[in-house]
Amino acid sequence: MADSLPDPLLRVDKLVRRYGGITATDNLSMEVIPGELHAIIGPNGAGKTTLISQLTGQVMPNSGTIYFAGRDVTHLPSYKRSRLGLARSFQITSLLKDFSAIDNVALAAQAHDGHSFRFWGNARKERHLRDAARAALERVGLGKRADIVVSQLSHGEQRELELAVALATKPKLLLLDEPMAGLGVTESARMVALLKELRKEVTIVLVEHDMEAVFALADRITVLVYGRVIACGVPDAIRKDEEVKRAYLGDQHAVTRHG
Ligand SMILES: Nc1ncnc2c1ncn2[C@@H]1O[C@H](COP(=O)(O)OP(=O)(O)O)[C@@H](O)[C@H]1O
Ligand SMILES: [Mg+2]
């Protein structure tokens with residue numbers, strides 16, 4: 001196929017998911033290249049979350065194939081995909097509100113290692129889990145907040161903690177579903193700065209409505225409308241694409257604010 005591009009880390013081939021009369025994912029094909037930050041944008045109801053849920057195995061497609069790291073993972077359960085290096089954050093993660101930040105991350109690392117949550121007590125004590133958890137917290141800027149109980153963290157800090165939880169599983173691909181949703185201006189700016197750092201280390205698929213953030217972060221952008229890919233390309237090409245303007249960006253003034 002394409003000689004110049006490396007093998008994709010993720011390849012989705014003719015994916016279809018229906019809900020009754022609605023085709024939430026409509027013959028969707030796309031590729032994510034190792035190292036890129038690939039944004040997925042589109043209007044509400046375009047099928048962004050449904051796509052992410054199929055990538056993680058929380059929703060099964062009616063037809064089509066998902067390849068991850070060269071393997072057909074279409075029928076693999078979520079936990080097996082997670083062990084292969086697929087991690088999801090946001091719009092789904094449930095932090096344990098009564099536990100400290102570091103306990104949340106250590107538990108996630110432990111669960112990923114294949115141990116039952118039943119033994120959570122061990123996660124507190126086990127040196128390698130705590131070291132890994134502390135490293136993940138440092139990466140998201142929460143190093144000094146490690147011992148704070150989740151319910152005492154700000155909304156923005158909880159988002160950062162969700163990222164640390166995902167990072168603790170050492171993902172090859174991080175799937176982020178609207179990390180800026182509900183964040184204020186300052187918190188959003190912090191999240192963009194954080195994602196700019198993380199994208200140097202891990203391949204990211206980012207679903208996001210904040211167009212300023214998307215155009216600041218993305219290497220490539222896929223645009224979904226009614227479950228279909230209407231465009232895929234570098235930010236400049238997407239910004240100029242007539243069909244994209246008509247279907248989505250035309251009424252998004254944020255996109256023109258970025259140089
Ligand atoms: N569990 C579900 N049951 C029925 N319809 C669903 C379900 N999940 C999503 N849909 C429908 O699929 C379409 C895509 O939804 P979604 O993936 O949430 O879009 P987005 O994340 O882009 O806003 C919408 O029409 C939505 O109503
Ligand atoms: Mg959604």
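This is a predicted model: local features need pLDDT of at least 70, side-chain atom pairs count only at pLDDT 80 or more; totals for chains, interfaces and linings use all residues.
View 1. A backbone N or O atom of Gly45 lies 2.8 Å from an oxygen atom of ligand 1. A polar backbone atom of Ala46 is 3.2 Å from an oxygen atom of ligand 1. A side chain also takes part: an N or O atom in that of Thr50 is 2.5 Å from a ligand oxygen atom. The residues that surround ligand 1 include Tyr19, Ile22, Ala24, Pro43 and Asn44, as well as Gly47, Lys48 and Thr49.

**View 2. Packing of helix H3 against helix H6.** The axes of H3 (residues 101-112) and H6 come within 8 Å of each other and cross at roughly 30°. Angles under 35 degrees count as roughly parallel, and H3 and H6 are therefore roughly parallel to each other. Their crossing is right-handed. From H3, Ala101, Asn104, Val105 and Ala108 meet Leu161, Ala164 and Val165 of H6. By class, this contact of H3 with H6 comprises 6 nonpolar residues and 1 polar residue, with no charged residues.

**View 3. Packing of helix H6 against helix H7.** H6 (residues 155-167) and H7 (residues 185-198) have axes that come within 10 Å and cross at roughly 20°. The two helices, H6 and H7, are therefore roughly parallel to each other. H6 passes H7 in a right-handed crossing. On the H6 side, His155, Gly156, Arg159, Glu160, Leu163 and Leu167 take part, meeting Glu187, Arg190, Met191, Leu194, Leu195 and Leu198 in H7. By class, the contact of H6 with H7 has 6 nonpolar, 2 polar and 4 charged residues.

Technical notes
Residues are numbered from 1 along each chain as its sequence is written. Chains are lettered from A and ligands numbered from 1 in the order in which they are written. Side-chain values use heavy atoms; hydrogens and water are left out. Axes are lines fitted to C-alpha atoms, for helices over the stretch in contact, and angles run from 0 to 180 degrees between N-to-C directions. Helices (H or I, at least four residues) and strands (E, at least two) are DSSP runs, numbered from the N terminus. Angles under 35 degrees count as roughly parallel, over 145 as roughly antiparallel, 65 to 115 as roughly perpendicular and the rest as oblique. A crossing is left-handed if the near helix is turned anticlockwise from the far one by less than a right angle, and right-handed if clockwise. Contact means heavy atoms within 4.5 Å. Ala, Val, Leu, Ile, Met, Phe, Trp, Tyr, Cys and Pro count as nonpolar, Asp, Glu, Lys and Arg as charged, and the others, Gly among them, as polar. A residue is near a molecule or strand if one of its heavy atoms lies within 4 Å of it. A polar contact is a pair of N or O atoms within 3.5 Å; within protein, one must be able to donate a hydrogen and the other to accept it, and residues adjacent in sequence count only if both atoms are side-chain atoms.
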